[in-house]
Amino acid sequence: MITATARWLTTAYPSSNGGAFSRALVEAQATQAVTAAALLRYPTTVDADLVLIAGPGGSGRLDTLVSGVATAPEDEVQVWRTWVDEVVASWAACLLGDPALAATAVDALITDHRSASPAQFRRLTEPGGRELGAATLLRHPDLLAPVADLHRDRLREALDVDTSNAA
């Protein structure tokens with residue numbers, strides 16, 4: 001689910017610079033954001049197991065929001081899209097577009113998941129110039145808004161962040 005959701009994000013918001021290195025930087029940032037979002041969304045082993053049993057829902061609505069067309073996962077090449085989790089993608093988009101919220105989320109993960117460390121999420125919370133340059137589309141709050149807005153309030157509630165002045 002994490003791999004499919006990160007792949008969806010990197011497909012929807014590809015590297016703006018092109019090249020293998022830039023694509024790798026975008027993939028690393030998307031994967032860290034999706035991992036953080038998944039750990040927040042499914043905090044226990046039981047939660048994670050249940051989503052694997054029930055299935056995460058797929059990318060249909062997300063595809064429509066970003067491109068205006070839902071991609072048919074029946075196509076054998078597109079089957080990975082059935083493993084995209086809409087809520088996790090939305091939460092990851094929130095984290096990518098809002099550095100302060102990303103820092104709050106990672107702090108919560110470190111507190112709740114003793115195995116998590118700030119270094120695991122460095123590209124998400126402290127991206128360098130090359131990372132930001134490669135991920136211009138992936139980190140642009142206006143471009144992320146249709147996806148981020150789907151479940152932003154639920155993320156802010158999960159993090160116990162005041163939603164009264166949320167953008």
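1. A residue is called buried here when its relative accessible area is under 20%, and the points below apply that cut-off to a model that is predicted. By this criterion, the buried residues of helix H9 are Leu144, Val147, Ala148, His151, Arg152, Leu155 and Arg156. In an α-helix there are 3.6 residues a turn, so residues three or four places apart point the same way.

2. The buried residues of H9 have several partners, for they pack against helix H1 (2-12), helix H2 (20-41), helix H4 (60-67), helix H5 (86-97) and helix H6 (99-112).

3. The course of H9 deserves a careful look in the viewer. This helix covers residues 141-158, and whereas a straight helix of 18 residues would span 26 Å, H9 spans only 20 Å between its end C-alpha atoms. A bend of about 65° is found in H9 at alanine 148, a residue that is itself among the buried ones of this helix. Beyond the helix, H9 is followed by aspartate 160, whose phi is positive, near 60°.

4. How do H4 and H9 lie relative to each other? Their axes come within 9 Å and cross at roughly 135°, which makes H4 oblique to H9, because an angle counts as roughly antiparallel over 145 degrees and as roughly perpendicular from 65 to 115. The residues that meet are Arg61, Leu62, Leu65 and Val66 on the side of H4, and Pro146, Val147, Leu150 and His151 on the side of H9.

5. Is glutamate 86 buried or exposed? Its relative accessibility is 16%, and it therefore counts as buried, given that the limit lies at 20%. Leaving aside residues up to four places away in sequence, glutamate 86 touches Pro56, Arg61, Leu62, Leu150 and His151; of these contacts, Arg61 and Leu62 belong to the H4 side of the meeting with H9, and Leu150 and His151 to the H9 side.

6. At the other end of the numbering, the axes of H1 and H2 come within 9 Å and cross at roughly 130°, so that these two helices are oblique to each other, and their crossing is right-handed. Here Ile2, Thr5, Ala6, Leu9 and Thr10 in H1 meet Val26, Glu27, Ala30, Thr31, Val34, Thr35 and Ala38 in H2.

Terms used
Residues are numbered from 1 along each chain as its sequence is written. This is a predicted model: local features need pLDDT of at least 70, side-chain atom pairs count only at pLDDT 80 or more; totals for chains, interfaces and linings use all residues. Side-chain values use heavy atoms; hydrogens and water are left out. Helices (H or I, at least four residues) and strands (E, at least two) are DSSP runs, numbered from the N terminus. The expected span of a helix is 1.5 Å times one less than its number of residues. The bend at a residue is the angle between axes fitted to the seven residues ending there and the seven starting there. Buried means under 20% relative accessible area, exposed over 50%, partly exposed in between (1.4 Å probe, protein chains only). Contact means heavy atoms within 4.5 Å. Axes are lines fitted to C-alpha atoms, for helices over the stretch in contact, and angles run from 0 to 180 degrees between N-to-C directions. Angles under 35 degrees count as roughly parallel, over 145 as roughly antiparallel, 65 to 115 as roughly perpendicular and the rest as oblique. A crossing is left-handed if the near helix is turned anticlockwise from the far one by less than a right angle, and right-handed if clockwise.
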